[in-house]
Amino acid sequence: MTKQPPEPNWIADPTARLVWRQWGDAHFAFDPRSHQTHFLNTLAVEVVDLLDERPLTLAGIHRALIDRHEVEDDDEGLLEAIESSLNVLEHLGIILSHHAS
Amino acid sequence: MSATLRAVPAPELARQLPAGLKLRIGPFVVSMVGRDRLLADCLQSHYPDYPLALPGSFPDARLHLLDQPWWHRLLGRPRHICLEDELSFTNFPPAALLAHIEWSMNWCIASRANWFLMLHAAVLARDEGAIIMPGVPGAGKSTLSAYLMHRGWRLFSDEFTLLTPGTLELKPFPRLIPLKNDSIEVIKAAVPEAEFGPQIPGTRKGRVSHVKPTGEHLRRMHEGAQPRLVVFPRYQAGAATELTELPKSACFAELTQNAFNYVLLGQQAFEMLADLTDRVQSYRLVYSDLAEANQALQGALRAAA
């Protein structure tokens, strides 16, 4: 029986130092390292906000969001949306993943 | 007000041009260099109301029309404009000199004037403030600008928006407006008083003819203005005039795509465009009738002021 690899922890990249602007549900983040401007939805911004506070796993982010919004844990789509956001944020260099040793 | 090129007698112009004649064009000084009568004629015909720069002014751009042996004309050889490096920057038939002076100047300013945030957008102003009109080539910026500058709007530029860091003041950079192809006839019909340069066929943008800004636009080119509106125009044949308010997020996203030096200026540009977005009302304008577009823009500007 093979052992499942541990779930990665996600953290906000401390070197990112993003500059933010928001109009309604549209969030824009300027990355001074790349001079790139990223357009992010509110879910992605909340994920970054959580990961700014402490490292979390996917399940931990899911739990934290449910707690933050005080809702029932009955929507499977949320987990997929968070995972999708994590992939985008990692690709943009805003967050990092690492496996516990 | 300093003297204009019109005040320079032809013999004096011929004496100065080989060493460089400096004109003030908006906030920039452009030095024109060349011995050829072709250059003197072009400047006298198309730039007479531009002021001469003060003696000793440092030029932001230097355009040199290279000499050509007389017999090169017999072989149909092209003329060349060089910039500071004295290498050929562009070559062209003699009849296209005006277009290539203007395009060379565009390149110099777009690649150098990084003390401004530069947008690829037209700017026109009235007493209430200025309107910025970004747009891709073909959106109708130049045609609309050529019309509006003859209908009570002050021309800042048909394609260069110069935003000052800190204040967001817009600086005028009034130039000849290059109309392309059918737009030439559209403006000739709509603005009979417009003064055109020669028609230049076969350029990389097709048939081009330049509309001159009148002296009044040039006399006031030191007067900046505050932005009130950002309007994204789109000419659509036969379309009814439609001015639709745009969410600020969409305005900001599009502005970031329209700046010449957004990535270069980095965080400063991000914050300037965000501040601009907060300050203005933004719209999309679809139009086919120039007079109706003018009325719609005036109404929106009054409402925003």
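Reader: Which residues of α9(B) are buried?
Author: A269(B), F270(B), M272(B), L273(B), A274(B), L276(B) and T277(B). Buried means 20 or more other C-beta atoms, placed from the backbone, within 10 Å of the residue's own. This is a predicted model: local features need pLDDT of at least 70, side-chain atom pairs count only at pLDDT 80 or more, and totals for chains, interfaces and linings use all residues. Residues are numbered from 1 along each chain as its sequence is written, with chains lettered from A in the order in which they are written.

Reader: How many residues does α9(B) have, and how far does it reach?
Author: α9(B) has 13 residues and reaches 18 Å from first C-alpha to last. That is close to the expected 18 Å, taken as 1.5 Å times one less than the number of residues.

Reader: At what angle do α7(B) and α9(B) cross?
Author: Roughly 145°, with the axes coming within 10 Å. Axes are lines fitted to C-alpha atoms over the stretch in contact, and angles run from 0 to 180 degrees between N-to-C directions.

Reader: Which residues make the contact?
Author: K248(B), C251(B), F252(B), L255(B) and T256(B) of α7(B), with L273(B), A274(B), L276(B) and T277(B) of α9(B). Contact means C-beta atoms, placed from the backbone, within 7 Å.

Reader: Switching to chain A. At what angle do α2(A) and α3(A) cross?
Author: Roughly 120°, axes within 10 Å. The two helices are therefore oblique to each other. Oblique covers what is left after under 35 degrees (roughly parallel), over 145 (roughly antiparallel) and 65 to 115 (roughly perpendicular).

Reader: Which residues of α3(A) meet α2(A)?
Author: L78(A), L79(A), I82(A), E83(A) and L86(A). They meet L58(A), I61(A) and H62(A) in α2(A).

Technical notes: Helices (H or I, at least four residues) and strands (E, at least two) are DSSP runs, numbered from the N terminus. Two residues are in contact if their C-beta atoms, placed from the backbone, lie within 7 Å. A residue is buried if 20 or more other C-beta atoms lie within 10 Å of its own, exposed if 12 or fewer, and partly exposed in between; C-beta atoms are placed from the backbone.
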